[in-house]
Amino acid sequence: SLYSACIKWSPPGGSSFTGPVAVTVPPYTIPCGGGGGACVPQKGTTALLDSLGDRLMYRFAYYNDASSYGKQHWYVNHDVVASRGQIGVRWYEFQGPKFAITPPILASGLPFQASTYAPDSNYRWMGSIAGDINNDILVGYSVSSSSMYPSIEVAGRLKPPLDPPGLEAPVSVVAGTGSQPDTANRWG
């Protein structure tokens with residue numbers, strides 16, 4: 001659900017709060033049997049890592065375009081079961097008018113874009129997403145598989161329409177050198 005608040009300091013009685021407005025996103029399945037939990041494989045051990053797939057990941061990023069034709073942008077991500085049964089990063093961008101957002105506007109066109117990033121059979125989870133002044137998007141996340149140590153990658157998208165929908169090829173940031181078997185299934 002989405003809410004809109006319009007704060008007016010003088011007079012305070014002029015402030016308004018509207019919502020909730022239901023936001024419909026593409027269907028998905030929560031990883032690890034629907035409850036999050038440990039199901040991410042890692043190289044060299046049978047110990048599985050926790051997907052934390054039952055919750056949104058780090059921060060609901062916000063950007064307010066300061067131009068006269070600007071919009072508000074919200075970015076968020078979580079983990080989902082991807083097409084090959086592995087975990088992928090589901091990311092969303094929501095947009096709204098720069099100022100007053102009323103319920104009919106809230107309900108139209110949300111989310112602005114949504115996609116699951118899973119370009120291969122590796123597991124991608126625990127993402128973080130942000131956008132910049134050009135509406136370029138970058139997603140950072142953990143990646144692992146039974147043939148890969150837990151690592152960190154990023155994938156991005158340039159301002160539409162410069163890039164087609166979805167994220168570009170992944171870029172390795174930190175290549176893992178070992179597994180984490182004794183950390184209560186947590187990685188990081």
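Predicted model: local features only at pLDDT ≥ 70, side-chain atom pairs only at ≥ 80, totals over all residues.
Biologist: Okay, what does the secondary structure of the protein chain come to?

Modeller: Helices (H or I, at least four residues) and strands (E, at least two) are DSSP runs, numbered from the N terminus. Here you get 1 helix and 12 strands. Going along the sequence, the pattern reads β-β-β-β-β-β-β-α-β-β-β-β-β. The C-alpha trace spans about 65 × 35 × 30 Å along its principal axes.

Biologist: How many residues line the largest pocket, and which are the closest to its centre?

Modeller: First, how a pocket is found: on a 1 Å grid over the protein atoms alone, where a 1.4 Å probe fits, a pocket is an open set of points with protein on both sides within 12 Å along at least five of seven lines, and lining residues have an atom within 4 Å of a point. Points are joined across faces, edges and corners, and the volume is the space filled by probe spheres set on them. The largest pocket holds about 350 Å³. It has 16 lining residues, with Val25, Leu56, Phe60, Val76 and Phe94 the closest to the centre.

Biologist: And what is that lining made of, by class?

Modeller: There are 11 nonpolar, 3 polar and 2 charged residues. Strand 6 (71–81) and strand 7 each supply at least two of the lining residues, and the largest share, 3 residues, comes from strand 6.

Biologist: Which residues touch the most other members of the largest nonpolar core?

Modeller: In soluble globular proteins, nonpolar side chains tend to be buried together. A nonpolar core is a set of buried Ala, Val, Leu, Ile, Met, Phe, Trp, Tyr and Cys residues joined through side-chain atoms within 4.5 Å. Buried means under 20% relative accessible area, exposed over 50%, and partly exposed in between (1.4 Å probe, protein chains only). In this model the largest core has 13 residues, and Tyr75, Ile129, Ile137, Val139, Tyr141 and Leu167 touch the most other members. Strand 5 (61–64), strand 7 (87–97) and strand 10 (137–145) each give two or more residues to this core, with the largest share, 4 residues, coming from strand 10. Across the chain, buried residues make up 40% of the 188 residues.

Biologist: Is His78 buried or exposed, and what is it in contact with?

Modeller: His78, in strand 6, counts as buried because its relative accessible area is 6%. Contact means heavy atoms within 4.5 Å. Setting aside neighbours within four places in sequence, His78 has contacts that include Tyr28, Arg55, Leu56 and Tyr92. The side chains of His78 and Tyr92 are also joined by a polar contact of 2.9 Å. For that term, think of a pair of N or O atoms within 3.5 Å; within protein, one must be able to donate a hydrogen and the other to accept it, and residues adjacent in sequence count only if both atoms are side-chain atoms.

Biologist: Where does Tyr28 lie?

Modeller: Tyr28 is in the loop between strand 2 (16–21) and strand 3 (38–42). With a relative accessible area of 40%, Tyr28 is partly exposed. Not counting residues up to four places away in sequence, Tyr28 touches His78, Val80, Arg90 and Tyr92.

Biologist: What about Ser151: which backbone oxygen does its side chain reach?

Modeller: The one of Tyr149, at 2.9 Å. Ser151 belongs to strand 11 (residues 148–157) and is buried, since its relative accessible area is 6%.

Biologist: Last one: which peptide bond is cis?

Modeller: Most residues other than glycine have a negative phi, and most peptide bonds are trans. Here the bond from Ser10 to Pro11 is cis, with omega near -5°. As for phi, Leu52 has a positive value near 50°, and Asn135 has one of about 65°. Leu52 sits in the loop between strand 4 (45–50) and strand 5, and Asn135 in the loop between strand 9 (123–131) and strand 10.

Terms used: Residues numbered from 1 in each chain as written. Heavy atoms only, no water. Nonpolar A, V, L, I, M, F, W, Y, C, P; charged D, E, K, R; others polar.
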